[in-house]
Amino acid sequence: VKSGQSQEIPVILSDLNSMNMSTASAAINQVIVTYSSGINIKVMAGSGISSKKGMQAVQSLSYKSRTWYNPSSSYEVYMLLGLMGMILQQVAFLAVSLSFSKERETGVWKNLIFSKIKSKELVFGKFAIYFIIFFLDAIVMLTLGIKLFKIPMLGSVNALLVLTAAFVGSVLMLGMFISSLLKSQVQAIQLSMMIAVPSYMLSGYTWPVFNMHIILQKLSAVLPLTHYLTSMKSIMYMGQGFSTTVLYDLKCLILIIVIFLPLNILLIERRIKNN
């Protein structure tokens, strides 16, 4: 620097935690830019330029940032929505999976052969019961998050309720489909554990989807949790209602229900006939 040449400062960053790395990188950049400006002012002062004019020359352009949606950068506010969505998905998926697996293990499927219950009635009956339970569960979780943990609720309550209902329905339909392929409750528990963490990581809530491999991006697009968390943030933090983003995710969740509903009916009917 004293010889009048431009210099670079090498910085090594650990990416074991991307959020910590981003914070450290921003702080390092701010320190270096500020220190560099001070050096430039001293060089100008040595050339006969006043400190005031040197300051104006160095700071001819500056910026001032304002943080929206989470002004305090609270990690609690950021993580709670993701955790609530993942817990709701996990519990609903596990409950419906264990229900179907238990009935197969205890021989209930065989008794259905002699009953007048049709496969579509069985699917709609189970879906209705579990939907009521976990939709109410979701309302309780969201209420506690807003009232107890002070999560902001800036958008439309109706949009959030409709989105939550579609999410619960899509998770239940997906859980019915997968559980009907399993043979035991142990397999259902193991599979639910295998689905939990990957779906949370691929949902884009903790890691940007555009940084993932193209195959993982496609997989992320078919996960109910991805669409739920994206629009839930838009509604609760950004004050949206039935916006373009929310409607798109809502359509995706409804599409999952529409696709897996007839598949579940056909699969269960086949299982009953096989028994």
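Predicted model: local features only at pLDDT ≥ 70, side-chain atom pairs only at ≥ 80, totals over all residues.
Local features were taken at pLDDT of at least 70 and side-chain atom pairs only at pLDDT 80 or more, whereas totals for chains, interfaces and linings use all residues. Residues are numbered from 1 along each chain as its sequence is written, and side-chain values rest on heavy atoms, with hydrogens and water left out.

Rings of Phe, Tyr and Trp (its six-membered ring) were paired if their centres lie within 6.5 Å, with planes under 30 degrees apart counted as stacked, over 60 as edge-to-face and the rest as tilted. By this rule the count comes to 6 aromatic pairs. One of them joins Phe127 and Phe131 in a stacked arrangement, at 5.7 Å centre to centre and with 25° between the planes. These two residues are separated by about one helical turn, because they stand 4 residues apart in helix α5 (residues 119-147); helices are DSSP runs of H or I with at least four residues, numbered from the N terminus. Phe127 is buried at a relative accessible area of 17%, while Phe131 is partly exposed at 22%, where buried means under 20%, exposed over 50% and partly exposed in between (1.4 Å probe, protein chains only). Phe127 and Phe131 also belong to one aromatic cluster with Phe135.

Phe167 and Tyr228 form a stacked pair as well, with 4.2 Å from centre to centre and 5° between the planes. Phe167 lies in helix α6 (residues 157-179) and Tyr228 in helix α9 (residues 224-236), so the pair ties together parts that are 61 residues apart in sequence. Both partners are buried, Phe167 with a relative accessible area of 1% and Tyr228 with 2%.

The largest pocket holds about 650 Å³ of space, a pocket being an open set of points on a 1 Å grid over the protein atoms alone, with protein on both sides within 12 Å along at least five of seven lines, and lining residues having an atom within 4 Å of a point. The volume is the space filled by probe spheres set on the points, which are joined across faces, edges and corners. Of the 20 lining residues, Met19, Asn70, Tyr78, Thr206 and Lys233 are the closest to the centre of this pocket. Two or more lining residues come from each of α1 (18-46), α3 (75-105), α7 (185-202) and α9.

On the surface, Ile254, Leu255, Val258, Ile259 and Leu263 form a nonpolar patch with about 430 Å² of accessible area together. Such a patch consists of residues with over 30% relative accessible area and no salt bridge, nonpolar side chains being joined within 5 Å; a salt bridge is a side-chain nitrogen of Lys or Arg within 4 Å of a carboxyl oxygen of Asp or Glu. Areas come from the Shrake-Rupley method with a 1.4 Å probe. Leu263 is found in helix α10 (residues 244-274) and is partly exposed, at 36% relative accessibility.

Conventions: Patch = residues over 30% accessible without salt bridge, like charges linked within 9 Å, V, L, I, M, F, W, Y side chains within 5 Å. 1 Å grid on protein atoms, 1.4 Å probe; cavity = no way out; pocket = protein on both sides within 12 Å on 5 of 7 lines; lining within 4 Å.
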